[in-house]
Every structure is written in C-alpha cells, then in structure tokens.
Amino acid sequence: MIRFEGVSKRFGDFEVLKSIDFEARQGERIVVCGPSGSGKSTLIRCINGLEPHDAGTITVEGVTLGRGKAAPARVRNGVGMVFQQFNLFPHLTVLQNLTLGPIRARKLTQAQARETAMRYLERVRIPEQADKYPRQLSGGQQQRVAIARSLCMEPRIMLFDEPTSALDPEMISEVLDVMVELAGTGMTMIVVTHEMGFARKVADRMVFMDHGQIVETAPPEAFFTAPRSQRCRDFLNKIL
Ligand code: ADP
Ligand code: MG
C-alpha cells in the first residue's frame, strides 16, 4: 500500500529524513514513535505529499509520487490525515465541516454528503453535536469531529500525527477509543503517538525513529520487551 525506498528530505542544510526504507501493507496498523525532531511528522507528511521528498521513491497504492511536487489528487484523496491541532473550520458547523470536502472533491450532493457525515458522526459518537460550532465542543469532541471529517472522504489509508497530544488527559481515551474501533474495521493506519497502551493494543508493528532514520521496527511485543538498540531503550525508559 505504501513503499518508501531510500527516501531523503532536507530543509536547507538539515537532512530531516535520511534514506528511509519503509513499507505498509493493506490493513496494517503501524505506530511511529521517537524523540521530538526525529522526523516522524515529516515521514507521514511525505505519504500524502504534504511534504515533497527530495530523493528516493515513494509509492502509494501503486502511484509513484513525484520528487519536489505535490501528490496527485488520487493519492491525496485516498489518504486521510488527522493532526495534533484539529484544524476544523471555526466559522462552519460540525456538519458543514464534514460535508465540505465530499461535496467539493467527491462531487456528492448535499443530501448524500449529509448522510455520510451523520454516519461518521455516529461512528465517533457525537451525532448530537452536528449543528454546533467547533468552539462549543471540548477538545476530545473536536478531535473526533476531525477524525469523522477525514473518514467522510472515504480514505483507504489514515495518518494520525500525535492526535491526542493537544488534549487534556481526561479526553485522551475518548479519541483513542474511536481509533481502536477504526483499527478494527481493517483500515490501513499509520499513527505517530507516544500512547504506548494504544500501541500495544492495536499496532501490528512499531517503528522507532531517531535523527531522521528508522532505527528499529518490530512487532509491539518484541519492541517493548526487547528493544535491540540503545537509542530505543533510552527512549522507552523516558516515556514508559
Ligand atoms: P517530529 O515530528 O519527529 O518531531 P519533524 O518531522 O516535525 O519531527 O521535524 C524534524 C526536524 O525537521 C525538526 O528539527 C524540525 O525543526 C525540522 N523541520 C520540520 N519542518 C520544517 C520546515 N518546514 N522547515 C525547516 N525545518 C523543519
Ligand atoms: Mg511531529
């Protein structure tokens, strides 16, 4: 579904991704962790072409992304992304936030888009918030709206970049619960998070990044009980 071969990326003189090889199969759930600044966000932003790469090859669902340019619409529409900051449109209601993309990009009618939106609002358990504005919702509710908004585009891959990092502690589990359920549907998911309980529950594979490299990749059991590299052990000691 996703393949990186020797992918590098720099910001000026700074090499943020250093010859990354990485693969995700259909339905695979991968959790990416690592110290701040290690390149996790850049890695997943390269998957949907939010950040163009400079060298190597990225293939997403059989489409090769061009170096230094935006991803083709087919890739952008097939890959949903949820950010730390929810990025909802403040001047639109929850329902309008959810119907905008499908009407514009998927050419759904208003009625079809509403039906899709309500289906996903039910999935994230806040259908009663449909007519509210984002500021009227809690952080956890806003993030669930953001997840529903992505799902309304019917993506085949979902990327999450520290989706619970901006939330008050008591709201983290309501978002993680929704993500666990999504994992149960067979969605291909790449999740940058330090929520290791979540990782143990849903990850097929852990990826540990440091200084722009994938230092270690292993199933969660092996990753948590017997990390091979010192850098990974140090990191886990800090966060667990
Ligand atoms: P992580 O998500 O692991 O914290 P990032 O991928 O966000 O790491 O960033 C890796 C490094 O690249 C950081 O040192 C960051 O400062 C730098 N970086 C990220 N985006 C940019 C940018 N647009 N311009 C310059 N440097 C950037
Ligand atoms: Mg980041």
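**Entry 1: a word before starting**

By contact I mean heavy atoms within 4.5 Å. I also remind myself that this is a predicted model.

**Entry 2: α5 and α6**

I began with this pair and asked which residues of α5 meet α6. On the α5 side I listed G139, G140, Q141, Q143, R144, I147 and L151. Facing them in α6 I found M171, E174, V175, V178, M179 and L182. Sorted by class, this contact has seven nonpolar, four polar and two charged residues.

Next I looked up the geometry. Helix α6 covers residues 169–184, and its axis comes within 8 Å of the axis of α5, with a crossing at roughly 20°. Angles under 35 degrees count as roughly parallel, and α5 and α6 are therefore roughly parallel to each other. I noted the handedness too: α5 passes α6 in a right-handed crossing.

**Entry 3: α3 and α5**

Staying with α5 (residues 139–151), I turned to its packing with α3 (residues 94–105). Their axes are 8 Å apart, and the angle is about 25°. That makes α3 roughly parallel to α5. Here as well I wrote down a right-handed crossing, with α3 passing α5.

Who makes the contact? From α3 I have V94, N97 and L98, and from α5 I have V145, A148 and R149. By class I noted four nonpolar residues, one polar and one charged.

**Entry 4: α3 and α4**

I then followed α3 to helix α4, which spans residues 110–123. How do their axes cross? They come within 9 Å and cross at roughly 125°. That makes α3 oblique to α4. The crossing of α3 past α4 is right-handed.

For the contact, my list from α3 reads V94, L95, L98, T99, P102 and I103. Their partners in α4 are Q110, A113, R114, A117, M118 and L121. The residues divide into nine nonpolar, two polar and one charged. Looking back at my lists, I see that V94 and L98 of α3 take part in the contact with α5 and also in the contact with α4.

**Entry 5: around ligand 1**

Which residues are around ligand 1? I wrote down F11, F14, V16, P35, S36, G37, S38, G39, K40, S41 and T42.

I then checked some distances to oxygen atoms of ligand 1. For G37, a backbone N or O atom lies 2.7 Å from such an oxygen. For S38, the distance from a backbone N or O atom to an oxygen of the ligand is 3.2 Å. With T42 the side chain is involved: one of its N or O atoms is 2.5 Å from an oxygen atom of ligand 1.

How values were computed. Residues are numbered from 1 along each chain as its sequence is written. Chains are lettered from A and ligands numbered from 1 in the order in which they are written. This is a predicted model: local features need pLDDT of at least 70, side-chain atom pairs count only at pLDDT 80 or more; totals for chains, interfaces and linings use all residues. Side-chain values use heavy atoms; hydrogens and water are left out. Axes are lines fitted to C-alpha atoms, for helices over the stretch in contact, and angles run from 0 to 180 degrees between N-to-C directions. Helices (H or I, at least four residues) and strands (E, at least two) are DSSP runs, numbered from the N terminus. Angles under 35 degrees count as roughly parallel, over 145 as roughly antiparallel, 65 to 115 as roughly perpendicular and the rest as oblique. A crossing is left-handed if the near helix is turned anticlockwise from the far one by less than a right angle, and right-handed if clockwise. Ala, Val, Leu, Ile, Met, Phe, Trp, Tyr, Cys and Pro count as nonpolar, Asp, Glu, Lys and Arg as charged, and the others, Gly among them, as polar. A residue is near a molecule or strand if one of its heavy atoms lies within 4 Å of it. A polar contact is a pair of N or O atoms within 3.5 Å; within protein, one must be able to donate a hydrogen and the other to accept it, and residues adjacent in sequence count only if both atoms are side-chain atoms.
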